[in-house]
Amino acid sequence: MLAVEIAFWVAVALLVYTHVGYPLVLLALSRLRGPRPTAPAPQAPSVSLIVAAYDEEDVIEAKVANALSLDYPRERLELIVASDGSADSTVERARAAGADLVLELERGGKVSAQNAAAGRASGELLAFSDANATWRSDALRELVAPFADRRVGYVCGQARFLDSGGSNLEGAYWRYELELRRLESALGGVTAGNGAIYAVRSEAFISLGPAASHDLSFPFMLTKRGWRAVYAPGALAEEKMVPTIEGEFARKRRMNRGLFDEVIRDGMLAPRGYGPMYAFEIASHRAIRYASPFLHLIALAANLALIGESPLYTITLVAQAALLAAAALAGVFPARPFRLARYYVLVTASIAAGLWDRVRLGEPGAWEKAEGTR
């Protein structure tokens, strides 16, 4: 039984480390290192703000109006809307609202639309946003400020999720992720971004394939090419969260369908090109986190095999069963601890479900709207 015990405790230790131990290690390292020197604020560089859109007639006019009202020199801002085969009035409404360039593209997926827009953009920096995200007036200035450091190639801002009155706990999870992002940025660099607000130097832009995403691929790919990927918390964007935990599971499942293409095929786990700190962040935050559903299965199976070996294994099995029971009961007893358990279980399961969809259905292509976000 020694091998089974080792498997159990290794799986448990890795799960505890990636969710609890890693943030504590980052906090300790950041305090030891002290604050990074700040670069002087740059003159306003030219920026092309790209919004990829698919059937966004309900929100595209507001998005264009929000972009054009940003506190940024208008002559230094180019607004591009890339319609990915929209069948509604997205194109007409974007043009009428005043977008500088509206691309009518065949439907090929979000990344394909972003690639096409980047190819037509003229800005020194390429900024990206979702059609349903609203930027604070100073968000673009805050987003471009870190580019005063010539080593910075990628900057992500802070996405704040508005409570839609549903059962989703993305906001609680996201606050945890943003704190990790702040700590990582001060050390090796961020390991992921978000689709609501981010920017990249035009010279550093990479045309990705349909299975990839800027959120996950740009930080590690640009780091491998010698750039820094950082977080600008003052660059604030807001968007509505998916209202239900089940809707969030479906959204993350779709996102995770291409996850392992980025992790394995595109070289996220290959340490070549990383500094020691960034390699540590990738291993701790990404590799172990994406292995979480399989680590849970190992811990559960090993625990079942170890029942009778020690009273301790009865306690650990009860703890695992309690987590699953709380997740199952959240629909009947919507107390916050139960809802947190359900959120954790479903979001963890979405990684395995996305991998299963990748095996069954192949590479992702065209995108879908998340439930209830429009």
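**Confidence, a strand and a glutamate**

So, this protein has a mean pLDDT of 90, with 93% of its residues at 70 or more; pLDDT being the predictor's confidence in each residue, from 0 to 100. It is a predicted model, and local features need pLDDT of at least 70, side-chain atom pairs count only at pLDDT 80 or more, and totals for chains, interfaces and linings use all residues. Residues are numbered from 1 along each chain as its sequence is written, and side-chain values use heavy atoms, with hydrogens and water left out.

Okay, strand β7, residues 198–201. Helices (H or I, at least four residues) and strands (E, at least two) are DSSP runs numbered from the N terminus, and two strands pair if DSSP finds at least two bridges between them. β7 runs antiparallel to β4, residues 125–129, over four bridges, and there V200 is the bridge partner of L126. With β6, residues 152–162, β7 also pairs in the antiparallel sense, over three bridges; here Y198 partners C156.

And what about the faces of β7? Both are covered: Y198 and V200 on one side, A199 and R201 on the other, all buried. Buried is under 20% relative accessible area, exposed over 50%, partly exposed in between, with a 1.4 Å probe and protein chains only.

Next, E177, which sits in helix α6, residues 170–186. E177 is buried, at 3% relative accessible area. Leaving out residues up to four places away in sequence, E177 touches H285, R286 and R289, where contact means heavy atoms within 4.5 Å.

Last, a caution: over residues 370–374 pLDDT stays under 50, and the model has 16 contacts for them beyond four places in sequence.
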